[in-house]
Amino acid sequence: MPILDARDVSKHYDVRGIQTWALRGVSLAIEPGEFTVLAGPSGSGKTTLLNLFGALDAPTSGAVAIDGQDLAALSRSQLAQLRLEKLGFVFQAFNLIPVLSARENVEFVMELQGVPAKERRERALAMLAEVGLAEIADKRPLEMSGGQQQRVAVARAIVSQPRVILADEPTANLDSTTATKLIETMERLNHERGVTFVFSTHDPQVIARAHRVVRLRDGQVVADEKGGA
Amino acid sequence: MILRLAWRNIGRNKRRTGLTVAAAVFAVVLVVHMIALTTGVHEGMIETNVRMHAGHLQVTGAGYLEDRTLERFARWTPALARAIDGAPGVAAAAPRVNGFALLSNGPASQGVALLGVDPAREGAVSVWPERVVRGEFLGGGEREIVLGERVAEALRVDVGDELLVFTVAYTLENAYEMFRVRGVLRAPDPTLDRSLALISLADAQALLVYEERVSEIALLARDAARLAETRAAVASAVTTVSAEALDVNPWQRVMPELEQMLVIDDAQNYSMLGILVLVVTFGLLNTILMSVLERQRELGVMLALGLQPRALFRLVYVESLLLSGVGLAVGLALAIPGAAIMEQNPIPLTGEVAQMTAQFGVDPIITWKLEAWNPLAATALMIGIALLSALYPAAKAASARPVDALRSL
Amino acid sequence: MAPAPMEFARSLARPSTWRLALRGLGRQPRRSGVVLAAVAIGLGALVLAMALQFGLIEQMVETAIRTEIGDLQAHAPDWNEAPPLERRLPLAESLAALEGAPTLSGVAPRVRGEGLAQSPRASVGVRVLGADPEREPSVSTLASFVRTGAWLGEPRRVVIGSGLARRLGVEVGGKVVLSVQDARGDLTGESFRVGGIVNAPSRELDESVVVVRIDEAQRLYAIPGEISEVALRARDGEQLAAASAVAKRALGESARVETWRELEPMLVALLGLFDQMGWVIYAAIFVAMAFGIANVLLMSVFERTREIGVMLAIGMLPARMVAIVTAESVVLVVTGVALGLALGFGAIWLLRDGIDLAAWSEGMREFGVPTLLKPVARAGDVWAPLWVAGITALIAGFWPALRAVRIRPAEALRRT
């Protein structure tokens, strides 16, 4: 059974009277353990599709299921619970909580899951060490570089042991060395822990490392290449 | 976690938090002082009036307050005196006869409230003996009279002079008697000063053919705050020894004007407090709303990470409570010592205002009085403000959309 | 270059300053809206509350004047230095001088004295008011409060308050003996019957006044052809001074004419005190508002750090920047005050027929207040908020404005 399953989804935006179709009849299934890239130019619908997979937004038509569970049937608070249990996010603009330190940001989701304080702290520190950030555990986001913030974001996404991590252009604001390091980290986590990764990107370096590349254009899937690296 | 997040969030924009807290501090200080001032002034008015004449409680013949005539009386028997003196909570008791008389000295005449008082007991209840400015208060002598200053002026008499007292006795026969002025006293209320004459209870009873009857027995309670208890104790003590039905009236019934004036004054003060609360609520609402609107994206991230929408609602509520809590703490820390200092140092009034307070029977002094419920009321008010002002911003925060988290900058 | 205060003043005079200020506020309509609402609703409620309170006080004063005092009173020159019976005016001459004066709409001669009222049941000390049955209603409203029986007129009939009737235990037709000391110093008495009972609006009046026909009062007190006072009603209540001057001219040296303001300094002081309290209350509420206004402006300055940096970088004078932010504050407060006054006066207009305080009437009567409470607005309810608000706007705007000009362009541009 696919972990993420979109069936004939369309998404329609109405921005100040201007009608835009962000997705037109997309069907896509992601199997557990995949390391998939959604590729395409800006405006092709990558972010919209990630939003739908992340239960952050609802499609205009069609159905999205996570781990066999149809999202349309869930309330706002059930969706929040689902995200908490099964999904992790890494955003383009880092999006750490500015008033919390690196460690506290990583602990945030575990705290929501009800993990005891001591265990939380140990796991957060271990995770930060794993992404190479043990020394900045007590710094606030404003005191970190972009690469550091994005690695904290990855640590935050992974530490709660989600089934899937969704990442929207995670390398867009990073230089190429930092970007490579980030991708390597994620690849390792995919390999070692079997976490499913879905990215949106137009970075050729990232696309080259993906196992499956889904190309989008004008809200439609134009190619689905499996195999790769 | 919510608490920590909330605390750090309000620390984020120090200036904004500072101004909001300052508004809350201002409100708390204003509320505490306003209540302290009102309590002080009201208590002053009550105490002055109680000590001036009325007493905390008055034992009278049934229905006396309705018509205030000699027809309604209590019998001041040794048994009644013992019962009242022995009732728990009674500090002092003074029997009085309330009559009316025309005083005349040659062609000058003046109508006065003629009070028969027990010289030995009166001083413990009212301040009349202390108010004497010339001569002395009543002693054991017969046919002696103490006049209000303006009465003496109008009649052109002074200590040692004689005057004629004319009244109508209980028997409805005319009664005349010559009295010698023993003292002149000054009442703060000019109306009272113009219409007051005191004679001894024995003389009054003789003049009015009133035997052992009295109009009222004024009582001073040990603890003004527990008047209801004392009233009940006195009521049960007097019913056992009095043949006639008696009323035990609290000062509120004896002086309904005073009670009503306090109620109207309170209504005015509370309407002002209400408006102040409204203004401060809007101020707090704006601060919290701004901070929520600025953080839409961040709130979206938290939702995306799996935080429940109602937790965001709670977060905003905690922020609001913290803001007003800090304001409250600082406000109380400033206001309470301030009010305590004012309580020790009453402000004397001068000029027109002083004359006006005198008309209401109050010494021209503004006193603060800080009671325990005052800061509690301020606290309740601030919490109310916090709860009210956070409602809209919190709802706004809870309706944040997780997609906003992924919007590119 | 002109000194900063000059430049500030000049900037405030420029329309473009105000245009920029309006745009600045329009950028965050919700935020500006909340502040506007706070100022408007707060002020509106305050204006209404003040008007209701003033209405209460004015009615107390009005009741006192209308039911007994009158607009003006004429007495013997040194009347307040002796008991009323000793200082008298000649009745015929006084009336002849005052009646027909164009500025006076009512002239009522009175005899004032004290006495003991006795019924078959009780005796009570009373104030005696000798009044002319025809002329008295042209000055006071006492006659309009008759509850049972009739107003003065029949010989040997008196009018008493319902409270006094209760104390004496008499009804209309009941017998009352008035015992007094006359002007010669003799104790004397005369018996009357109760002709009418009034529900007087003040307790004192209701419980202790006996109204007697003036000729009978003169006989009782042995002052034939003489009276204690003449109460006067001015044709125009606002023109007391003119009416007073006319009465003074008419009476010459023989009498002293005083307005109710001179007769009742306490009532005047009460009105004055209320005005002063009004300023204090308006000031307190506006201080509370000032925090909110300063907060919003400060926020708006911080949001626009970059933009302000750019403006300063391209050469805008700091004084002009201060003027713009101050203008924002003024616009915010003036609009709020305008809305608040509109709200407050709108509410006053809606309540122009008064609020029925029947439930409170028992208590209100103690103060001589009718049971219908009408809000009464004064010029001060416009001026006090305008002044206080103006000062609030300047103070609340100035600090954020100073923050704005302290922004250093280079730093501001680096920030995103």
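Analyst: Within chain B, 82% of the contacts with a separation of 6 or more join residues 24 or more positions apart. Two residues are in contact if their C-beta atoms, placed from the backbone, lie within 7 Å. This is a predicted model: local features need pLDDT of at least 70, side-chain atom pairs count only at pLDDT 80 or more, and totals for chains, interfaces and linings use all residues. Residues are numbered from 1 along each chain as its sequence is written, while chains are lettered from A and ligands numbered from 1 in the order in which they are written.

Chain B has 15 helices and 14 strands (DSSP runs, H or I of at least four residues and E of at least two, numbered from the N terminus). Its radius of gyration is 31 Å, well over the 22 Å that the globule rule gives for 409 residues, so chain B is more spread out than a compact globule. That radius is taken over C-alpha atoms, and the rule is 2.2 Å times the number of residues to the power 0.38. The C-alpha trace of chain B spans about 105 × 50 × 30 Å along its principal axes.

Now the contact. Two pairs of chains touch, and chains B and C share the most contacts. Chain B brings 55 residues and chain C brings 49. On the side of chain C that touches chain B, H10(C) gives the most, with 17 residues. Chains A and C do not touch; 13 Å separates their nearest C-alpha atoms.
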